[in-house]
Amino acid sequence: MDKGEIPEDANEHCPGPQDETAGKSESCAGCPNQQACASGTAPMGPDPDLDAIAERMATVKHKILVLSCKGGVGKSTFSAQLSFALAGMDHQVGLMDLDICGPSMPKMLGLEGQYSHKSNFGWDPVYLEGLDNLGVVSISFMFPDSDGDPAIWKGPRKTGLIKQFLKDVYWGDHVDYLVVDTPPGTSDEHITLVKCLTGIDGAIILTTPQEVAMADVRKGVKFCKKAGVNVLGVVENMSGLTQPVSDVKFMKLTTETGSSVDVTQDMISCVRENAPELLDGVFVWSQVFDSSGGGAERMCEEMGVPFLGKVPLDPQLCRAAERGKSCFEANKCSVSAPALKSIIEKVVASIKMKDDLSGGENKETP
């Protein structure tokens, strides 16, 4: 009988975690694993899925995680636009939506109602129309009939689906970048991911400027450090609402009733008459989230991780995400697109530098 892999910190004469006497024999007394062995929750030896995952991931050159312990900071929007940008650089890109309970990628990439096909090679990603170098996998594509229903899943079922994504999705013969969009927190999804996926280039961590967000985001940085995941950098998202003057609506409030009257035309006419130059190339900026504590840049200095830059809160970027479009098309996102482009170029340059230093070897190749 296989007694299982003996833990490094086990007592001498350990019977093994799968032995009938595990946690109960005299040799188990005082062992730090005694309770786990007795309850049947001790590690049961090497995970048989790891070899299959490594074999499948051997065709993936670079792997980037997008995470944050805080929800609502724009991880999915950033992941989608990062994938659009990499595909626009003529890279072969895969995007994995690991937010099992709240998948956003089908909406943000214009793929709602699509579903994955299964072939002899495995599950096929869903590719964007007219963009055959950007494939996406999401729980929504595997269970299309349950769209709109909540995924009330416990840890083991989540773990099983993540492993299925990693070992059963067929990305083709070559993928330059695999972008993994993760849910908030550092729970089942994140633990399973870093345990099963080797050769991760690093994580991009998203936050908003206020301390209530960064208090949780710091935990994400610490998680990466403990898990041995390189932090590629932190992005301060929604860093001030920024709009062209021509896009702003001016309202006059009535203090007695709280009602408002639209005076936009009057304001624009006044500006056009007295300072017409302000209508061309001038933007309105407003601090939405308090950054008096120094924001993400100061947090990065304190924690010793790279600061990648700030992305303003841009209504045009929000519209692009709602429509499943790239913010880099048609120059509509004139505020956010340049900031995102600069950040993504830093990430690509950082990965390329490490790739050059390592001789460009595929980290998954056996």
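Reader: How many helices and strands does the protein chain have?

Author: This is a predicted model. In it, the protein chain has 12 helices and 13 strands.

Reader: What box do the C-alpha atoms of the chain fill?

Author: Taken along the principal axes, that box is roughly 90 × 45 × 45 Å.

Reader: What share of the residues is buried?

Author: First, the cut-off: a residue counts as buried when its relative accessible area is under 20%. By that rule, 45% of the 366 residues in the protein chain are buried.

Reader: And how do I read the surface? What part of the accessible surface belongs to carbon and sulfur atoms?

Author: The accessible surface of the protein chain comes to about 19,100 Å². Carbon and sulfur atoms hold 51% of that area.

Reader: Which contacts join residues 24 or more positions apart, and what share do they make up?

Author: Take the contacts in the protein chain with a separation of 6 or more. Residues 24 or more positions apart account for 74% of them.

Reader: How many positive and negative side chains are there?

Author: There are 34 positive and 51 negative side chains in the protein chain. The centres of the two sets lie 3 Å apart.

Reader: How do I find empty space inside a model?

Author: Rolling a probe the size of a water molecule over the atoms shows where empty space is left. Here, the structure holds one cavity of 30 Å³ or more. The largest cavity has a volume of about 80 Å³. It is lined by 15 residues, and the closest to its centre are C14, G23, C28, C31 and C37.

Reader: Let me try single residues. Is F165 buried or exposed?

Author: F165 is buried, because its relative accessible area is 0% and the cut-off for buried is under 20%. Find F165 in helix 6, which covers residues 155-168.

Reader: Which residues does F165 touch?

Author: Leave out residues up to four places away in sequence. F165 then touches M96, D97, L98, V137, S138, I139 and M142. For a distance across the model, take L308, 143 residues from F165 along the chain. Their C-alpha atoms are separated by 29 Å.

Reader: Where is R157, and how far is R157 from L317?

Author: R157 is also in helix 6. At 49% relative accessibility, R157 counts as partly exposed, because exposed needs over 50%. R157 and L317 are 160 residues apart in sequence, and 34 Å apart from C-alpha to C-alpha.

Reader: What does L131 touch, and where does L131 lie?

Author: L131 is in strand 6, residues 131-137. L131 touches F84 and A87, again not counting residues up to four places away in sequence. With a relative accessible area of 24%, L131 is partly exposed. The C-alpha atoms of L131 and E302 are separated by 41 Å, and the two residues are 171 apart along the chain.

Reader: Now a backbone angle. What is phi of M238?

Author: Phi of M238 is near 55°. That is a positive value in a residue other than glycine. M238 lies in strand 9, residues 231-244. M238 counts as buried, because its relative accessibility is 17% and the cut-off is under 20%.

Reader: What is phi of A330, and is A330 buried or exposed?

Author: Phi of A330 is near 60°, a positive value in a residue other than glycine. A330 is exposed, with a relative accessible area of 64%. Look for A330 in the loop between helix 11 (315-322) and helix 12 (336-357).

Technical notes:
Residues numbered from 1 in each chain as written. Predicted model: local features only at pLDDT ≥ 70, side-chain atom pairs only at ≥ 80, totals over all residues. Heavy atoms only, no water. Helix = DSSP H or I, 4+ residues; strand = E, 2+ residues; numbered from the N terminus. Buried < 20%, exposed > 50% of the residue type's maximum accessible area, 1.4 Å probe, protein only. Contact = heavy atoms within 4.5 Å. Areas by Shrake-Rupley, 256 points an atom, 1.4 Å probe, with all protein chains shown as cover. Lys, Arg positive; Asp, Glu negative; His and termini not counted. Charge placed at Lys NZ, Arg CZ, Asp CG, Glu CD. 1 Å grid on protein atoms, 1.4 Å probe; cavity = no way out; pocket = protein on both sides within 12 Å on 5 of 7 lines; lining within 4 Å. Points joined across faces, edges and corners; volume = space filled by probe spheres on them.
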